[in-house]
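Me: I have a model open and want to go through its contacts. Can you walk me through them, starting with the terms?

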Amino acid sequence: MSEPQERDAELIREALFGSRVNVNTLVEVVSTRSSTELHSIKQAYRFRIDTSMAMCDAKTLYEAMETGNSVDWKTITSLLTQGNTPQIKSILSAYKELYGHEFSMFLKSNKCGKFGTEMRSVIRGIQFPGKFFAKQLRGALQSSGDGREILTRVVITRLEIDVREMSNVFAAKTGWSLGNFVRREFNSAGGGDKGYDFAGEFLLGLLRHC
């Protein structure tokens, strides 16, 4: 059974978008609900509208991507660059719900080419930022180059967002804890430079409190 605010939101939607505007229903809901209830109804109504729009956009994505002999990149790029991150996530979630697979999976096909590969990286970063940044760290771990810059950037920018998830994914994929990676890059690579030691301890201190 739906919640009262959800039922009221549906009543308002039907009153506004039915065969004719039902003023009586609108007046009844607005005049008999408290301000707190009206706020909840507004949120429920907005959620319904946002969900409907996400479903429509997901269908547009599907038609641009998976029908026909070529990919309509112009439509796809336009659709995915007009919304904010939560809206894009809603569209991608609706796509999976409607078609049974992630939008990013189709981007791996030969039909999509290099641009599809690049867009897949962007989409995966939006959908699963923890996994995306863990992958960046794995690349730094496996590289013979300097991993300190990416370590510092990733830890600081993701600290209060998803650093714990990122750390867990990183450990599962590499067998390294994020803390040990910091120690390797800073404490052992500093050559006795106290600046490196301090920077490493600073990052470790941040990680201990997340």
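Reply: A salt bridge here is a side-chain nitrogen of Lys or Arg within 4 Å of a carboxyl oxygen of Asp or Glu. This is a predicted model, where local features need pLDDT of at least 70, side-chain atom pairs count only at pLDDT 80 or more, and totals for chains, interfaces and linings use all residues. Residues are numbered from 1 along each chain as its sequence is written, and side-chain values use heavy atoms, with hydrogens and water left out.

Me: How many salt bridges does the structure hold?

Reply: The structure holds 3. One joins the side chains of D8 and R33, at 2.9 Å from N to O.

Me: Where do D8 and R33 lie?

Reply: D8 is in helix α1 and R33 is in the loop between α2 and α3, so the pair ties together parts 25 residues apart in sequence. Helices are DSSP runs of H or I with at least four residues, numbered from the N terminus (strands are E runs of at least two).

Me: Is D8 buried or exposed?

Reply: D8 counts as buried, at 8% relative accessibility. R33 is partly exposed, at 25% relative accessible area. The cut-offs: buried is under 20% relative accessible area, exposed is over 50%, partly exposed is in between, with a 1.4 Å probe and protein chains only.

Me: What about E102 and K96?

Reply: Their side chains meet in a salt bridge of 3.4 Å, N to O. E102 counts as buried at 14% relative accessibility. K96 counts as partly exposed at 41%.

Me: Which residue does D162 form a salt bridge with?

Reply: With R158; the closest N and O atoms are 2.9 Å apart. D162 and R158 are both buried.

Me: Switching to helix packing. What describes a packed pair?

Reply: Two packed helices are described by the angle between their axes and the distance between the axes. The axes are lines fitted to C-alpha atoms, for helices over the stretch in contact, and angles run from 0 to 180 degrees between N-to-C directions.

Me: At what angle do α3 and α4 cross?

Reply: Roughly 155 degrees. The axes of α3 (residues 35-66) and α4 (residues 73-81) come within 8 Å. The two are therefore roughly antiparallel. The angle classes: under 35 degrees is roughly parallel, over 145 roughly antiparallel, 65 to 115 roughly perpendicular, and the rest oblique.

Me: Which hand does that α3 and α4 crossing have?

Reply: The crossing of α3 and α4 is left-handed. Left-handed means the near helix is turned anticlockwise from the far one by less than a right angle; clockwise is right-handed.

Me: And how do α8 and α10 cross?

Reply: The axes of α8 (residues 129-142) and α10 (residues 163-174) come within 8 Å and cross at roughly 45 degrees. The pair is therefore oblique. α8 passes α10 in a right-handed crossing.

Me: Now the surface. Which residues make the nonpolar patch?

Reply: L16, F17, V21, V23 and V27 make a nonpolar surface patch of about 460 Å². Patch residues have over 30% relative accessible area and no salt bridge; like charges are joined within 9 Å, nonpolar side chains (Val, Leu, Ile, Met, Phe, Trp, Tyr) within 5 Å. Areas come from the Shrake-Rupley method with a 1.4 Å probe, and for residues only the protein chains shown count as cover.

Me: Which helices supply the nonpolar patch?

Reply: α1 (4-17) and α2 (23-32) each supply at least two of its residues. L16 lies in α1 and is partly exposed at 35%.
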